[in-house]
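Opening the notebook on this one.

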Amino acid sequence: QVQLVESGGGLVQAGGSLALSCTASVSLFSIDAMGWYRQAPGKQRELVATITKAGNTNYADSVKGRFTISRDNAKNTVYLQMNSLKPEDTAVYYCNNVFVHYYWGQGTQVTVSS
């Protein structure tokens, strides 16, 4: 069973930054695309950023220009740098294989105060 461990969340004021990490128990070399997702209270989980094995990235319009996804295959880790945070970014953030979802990790809470 693949394990995903997210970390790096916290409480930050609007306009601040956070850097999230996600470490997988399998080699990222075998995963075509990894994604960061988030789920706000009372809302469905949404995909906010993806990165392919080749390093191609894609972002939801709501985070484009503020978030940056990256991956270190040697460390089996995917990162999400979040800048210019807004209160509406408040959510639990998760990572997962985009095409074949593994069991979801516990996620990491991001809270942005106004």
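Entry 1: I started at β1, which is joined to strand β3 (residues 18-24) by four bridges, the two running antiparallel. Strands here are DSSP runs of E, at least two residues, and helices are runs of H or I, at least four residues, numbered from the N terminus. Two strands pair if DSSP finds at least two bridges between them. Within this pairing I found L4 opposite A24 in β3.

**Housekeeping.** This is a predicted model, so I note that local features need pLDDT of at least 70 and side-chain atom pairs pLDDT 80 or more, while totals for chains, interfaces and linings use all residues. Residues are numbered from 1 along each chain as its sequence is written, and side-chain values use heavy atoms, with hydrogens and water left out.

Entry 2: What does L4 touch, leaving out residues up to four places away in sequence? I get C22, T23, A24, M34, C95, N96, Y102, Y103 and G105, where contact means heavy atoms within 4.5 Å. L4 also turns up in the largest nonpolar core, which has 30 residues; L4, M34, W36, I69, L80, M82 and Y93 touch the most other members. A nonpolar core is a set of buried Ala, Val, Leu, Ile, Met, Phe, Trp, Tyr and Cys residues joined through side-chain atoms within 4.5 Å. Buried means under 20% relative accessible area, exposed over 50%, partly exposed in between (1.4 Å probe, protein chains only). At least two residues of this core come from each of β3, β4, β5 (46-52), β7, β8 (77-82), β9 and β10. The strand that gives the most is β3, with four residues.

**Entry 3: around β9.** Next I checked β9. Seven of its seven residues are buried, so β9 is largely enclosed by the rest of the structure. It pairs with β4 in the antiparallel sense over six bridges, and W36 has C95 in β9 as its bridge partner. Three bridges join β9 to β10, also antiparallel; there, A91 is partnered with V110 in β10.

**Entry 4: the rings.** How many aromatic pairs are there? The structure holds two (ring centres of Phe, Tyr and Trp, its six-membered ring, within 6.5 Å; planes under 30 degrees apart are stacked, over 60 edge-to-face, the rest tilted). Y37 and W104 are edge-to-face, 5.0 Å centre to centre with 90 degrees between the planes. This pair links distant parts of the chain: Y37 is in strand β4 (residues 33-39) and W104 in the loop between β9 (91-97) and β10 (108-113), 67 residues apart. Y37 is buried at 7% relative accessibility, whereas W104 is partly exposed at 30%. Y94 and W104 have centres 5.8 Å apart and planes at 80 degrees, so this pair is edge-to-face too. Y94 lies in strand β9, so the pair ties together parts ten residues apart in sequence. Y94 is buried at 11%. Y37, Y94 and W104 form one aromatic cluster.

**Entry 5: a charge over the rings.** The charged end of R45 sits over the ring of Y94, 4.3 Å from its centre, and over the ring of W104, 3.9 Å from that centre. The criterion is NZ of Lys or CZ of Arg within 6 Å of the ring centre and within 35 degrees of the ring normal.
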